[in-house]
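Thanks for making the time this morning. I would like to walk you through a few places in one structure, so please have it open while I talk.

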Amino acid sequence: MNCPKCNAPNPEGSKFCASCGAPMGVEPQPEQQANNQSYSQAGQQFNTQTATDKINQGIANVKKDPKKFFLIIGIVAFVLIAALVTLFFIVTHKKKIDLSEYTTVTFEGYNGYGTADVDLDEDAIATILLDEKGIKIEDYKNVFSALSDTEDLLPIYSAMEALDCSIDKTENLKNGDTVTVTYTFNNDLAKKCGVKFTPETYTQTVSGLEEVKTVDPFEGVTLEYSGTSPDVSASVKTDSNPYDLYYQVEPSYGIKKGDKVTVSISYDEDNKKSLMENHGIILSSNTKEFTVDEVDSYVTTKADITDDLLDKMKKQTQDVITAYKAKYKSNFSISDVKYAGYYLLTSKADSWPHNKIYVVYSAKASGKDKGSFKNKTIYFPLKFSDAILYADGTGYVDTNSNYLEGYNSGYTSGWYTLQGYKSVADMKNALVDSEKSNYSVETEGDIN
């Protein structure tokens, strides 16, 4: 609805004109409507005239003030130049591809022995180059051979062929180290694809490597022995061997009690690397010295002859003398049998027999023939060989010996000569002195 006074449009149902404030319910008189129309036309003419006058006045003012005039000209020129520069930048600007955003450096292994590998996501980069050309290929590798045969795709093919990367350090890395990725590319070729590759290098800090464990490879390692000293063989025994270590013992044979042997583990660079990569360990050492002690050994000193072992030899000697007395009782009378001592002969060259033990008993003997010797002292030695002292402290000797040494004592009765020696000097000369070049000698008792 229009105002009845000024003819201005108003919403339906308005009680007053929003333009002149006149009541909307009063119909204007014809004369008033004519006046209103005259007023409206006069207002429009006034507004138009006023705007034109203002423009003309502004121009006149500018002409009167040259500084303001040149300022306006300068602003207009600046806007035009900025627009041209922006347009030039848009036309000539090449999209930068930050290769580091498409680079993955992977660290694996253990601290101090870590490895690094680098991978460049060429699929993603090629997709960007194709997008810049407006080409949609889901997997450019599937059509990579076609790139070199298509004129539009040849620049992309060439740019991608020239793109590569390498890493300066790949092994023996520790947390906190830095590695540098170096890129090789040809930005002249990339320019033809509307892009520019950057940067030339990319640095990354090593992290995430597991800590290395140092283990004692000889924990739970012992030696097993076979044979008897001085001809012992040794081998390595382990409670467990979770790292598949290879042990060697040197020397492994011809060993005697008290010797030192060395157990070693093959631990060259390849083995070190394998242990690091597969188990994350380093060895605290790869050699250990062992003293050969708890082994069976041939008796070499009087201290090795246990009381039990001596008792066995003494009993055997007594038994042999008793049997000898019984056998030759019609020829000789033997009495007052007493233990006198023993000689221990030990081989100097570890040759057989390794030892000889002569257990000696003394006795009084008489011949039963008329005119034969009477009540003479006689020495009965019985020889034992290769007596052994076991690792558990017990001893062993072959007690089957039953031959009394000294086949010609010089005491005879009839056709028979008494076994044994009639003096210590004779016995010692025959049994001991003649062997000193090959055997070391110790004596027990008053038989020296």
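Let me start with Thr-346, which lies in strand S16, where strands are DSSP runs of E with at least two residues, helices are runs of H or I with at least four, and both are numbered from the N terminus. Please keep in mind that this is a predicted model, in which local features need pLDDT of at least 70 and side-chain atom pairs count only at pLDDT 80 or more, while totals for chains, interfaces and linings use all residues. Residues are numbered from 1 along each chain as its sequence is written, and side-chain values use heavy atoms, with hydrogens and water left out.

Thr-346 counts as buried because its relative accessibility is 13%, buried being under 20% relative accessible area with a 1.4 Å probe and protein chains only. A polar atom of the Thr-346 side chain lies 3.1 Å from the backbone oxygen of Thr-300. Setting aside neighbours within four places in sequence, the residues in contact with Thr-346, meaning heavy atoms within 4.5 Å, include Val-299, His-354 and Tyr-439.

Finally, Leu-130 lies in helix H3, residues 122-132, and counts as buried at 1% relative accessibility. Its C-alpha atom is separated by 9.9 Å from that of Gly-194, 64 residues apart along the chain.

Notes:
Buried < 20%, exposed > 50% of the residue type's maximum accessible area, 1.4 Å probe, protein only. Polar contact = N/O pair within 3.5 Å; in protein donor to acceptor, adjacent residues only side chain to side chain.
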